[in-house]
Amino acid sequence: MSLSVHIIPEEKNIYKIIFPDPFTEPVFIENEDQLKDLVNRLKLEGRSEYAKEITQKWINLKKDTFKINYKGKFLNLGQKTAVMGILNLTPDSFSDGGIYYKEIDKAVERVAQMLEEGADIIDIGGESTRPGSKPVSVDEELERVIPVIKAVRKELGNNFLISIDTYKSEVAKQAVKEGADIVNDISGMSFDPEMAKTVAQLDCPVIINHIKGRPENMQKDVYYDDVVFEVIEFLDSQIRYGMSKGIKKDRFIIDPGIGFGKYVEHNIEIIKRLSELKVLGFPILIGISRKSFVGIVLENFAGRNYPFPSDRLFGSLGATACAVLNGAHIVRTHDVKETVDFLTLLDTIRGYRVV
């Protein structure tokens, strides 16, 4: 059972505060004056820990801007949604597996194209983590990703961010050594007991992704009491664990893990309630691009039969809009040009002020 206080943004600027004590009724507040009254009352009642947690989570909810900083490379998050372009170096990824597998020149060309199209981060992965996929060895994964990272840095320079999509600490270590900047761990540092220590030693940003199960079985018998609460608690737990191993607080990025141990309804619930993740106080990444739930929704509600993941672009962008309006700072996508154009309009309109 949760030991944390939950603050849930409701409609019309009302916030619902739920206490872990089942005998304490939820409290609704609308502004900072009401927050101060609640905090003072909790202190008088001897519940200072609740007061402290509520205050910090309120501050987190109001924070909109963040900065990624690694080895002189900066990425400001908040006003403009950042785009992470996907480069799969696998023979079996669900959408584009095989296109760049053992094709170094073609992979470098694709990175150059994504940068030209407006990508802020290039996410390079050497193991498919689609539902039902089987793991590959460390050596195989290194053989797939390291030559490409080296070639990308040699041909395209060092003035952009690369993330390494891996849950293996040795792959993370070697990838960062050769030019990667961010570790993107789909397990949230839960699969490899050495990952947290490795990230701390590298002192690089790390993406903590939520997952239930492992890729080979994560879509079987999935159940949540409340998927958003469980995602928040997992992310919070893994961040605390990472910090206990020496990772600096400003190094974390969080990802709710769309499609990783979740059915269609869970993915939709997460996107709809994504703003609740803001209580953790970290930049939020979302990966919706071409995922199967998009195709299922389109088939069931629009009568579209899209057998190929690449046909799910417009559905992906629709879900992405909801995610960004609800707090996502980084969007991971296969379709960089289309996503950049889409987000440019969305960011411009939502940031527009009448003078």
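Three strands form an open sheet in the order β1-β2-β3, with antiparallel pairing; strands are DSSP runs of E of at least two residues and helices runs of H or I of at least four residues, numbered from the N terminus, and two strands pair if DSSP finds at least two bridges between them. The model is predicted: local features need pLDDT of at least 70 and side-chain atom pairs count only at pLDDT 80 or more, while totals for chains, interfaces and linings use all residues. Residues are numbered from 1 along each chain as its sequence is written, and side-chain values use heavy atoms, with hydrogens and water left out.

The edges of the three-stranded sheet are β1 (6–9) and β3 (27–29), each of which pairs on one side only. From one strand to the next the twist averages 25°; axes are lines fitted to C-alpha atoms, for helices over the stretch in contact, and angles run from 0 to 180 degrees between N-to-C directions. Strand β2 (residues 15–18) joins β3 in the antiparallel sense over three bridges, and Tyr15 stands opposite Ile29 in β3. Helix α1 (residues 32–44) packs on this sheet, touching β2 and β3 (contact means heavy atoms within 4.5 Å), and its direction makes about 145° with that of β3. Helix α2 (residues 48–62) lies across β1, β2 and β3, at about 30° to β1.

A further open sheet has eight strands in the order β11-β10-β9-β8-β7-β6-β13-β12, paired in parallel. Because β11 (252–255) and β12 (285–287) stand at the edges with a single partner strand each, one side of each is left without a neighbour in the sheet. Neighbouring strands here are turned by 25° against each other on average, direction ignored. Strand β10 (residues 206–209) pairs with β11 over four parallel bridges, where Val206 has Phe252 as its bridge partner. Helix α11 (residues 336–350) lies across β6 (82–88) and β13, running at about 170° to β6.

The whole structure holds three cavities of 30 Å³ or more. A cavity is a set of points, on a 1 Å grid over the protein atoms alone, where a 1.4 Å probe fits but cannot get out, and its lining residues have an atom within 4 Å of a point. Grid points are joined across faces, edges and corners, and a volume is the space filled by probe spheres set on the points. The largest cavity contains about 60 Å³. Both α10 (313–325) and β13 (330–333) supply at least two residues of its lining, and α10 gives the most, with four. Among the lining residues are Ile286, Leu317, Arg332 and Asp335.

How values were computed
On a 1 Å grid over the protein atoms alone, a cavity is a set of points where a 1.4 Å probe fits but cannot get out, and a pocket is an open set with protein on both sides within 12 Å along at least five of seven lines; lining residues have an atom within 4 Å of a point.
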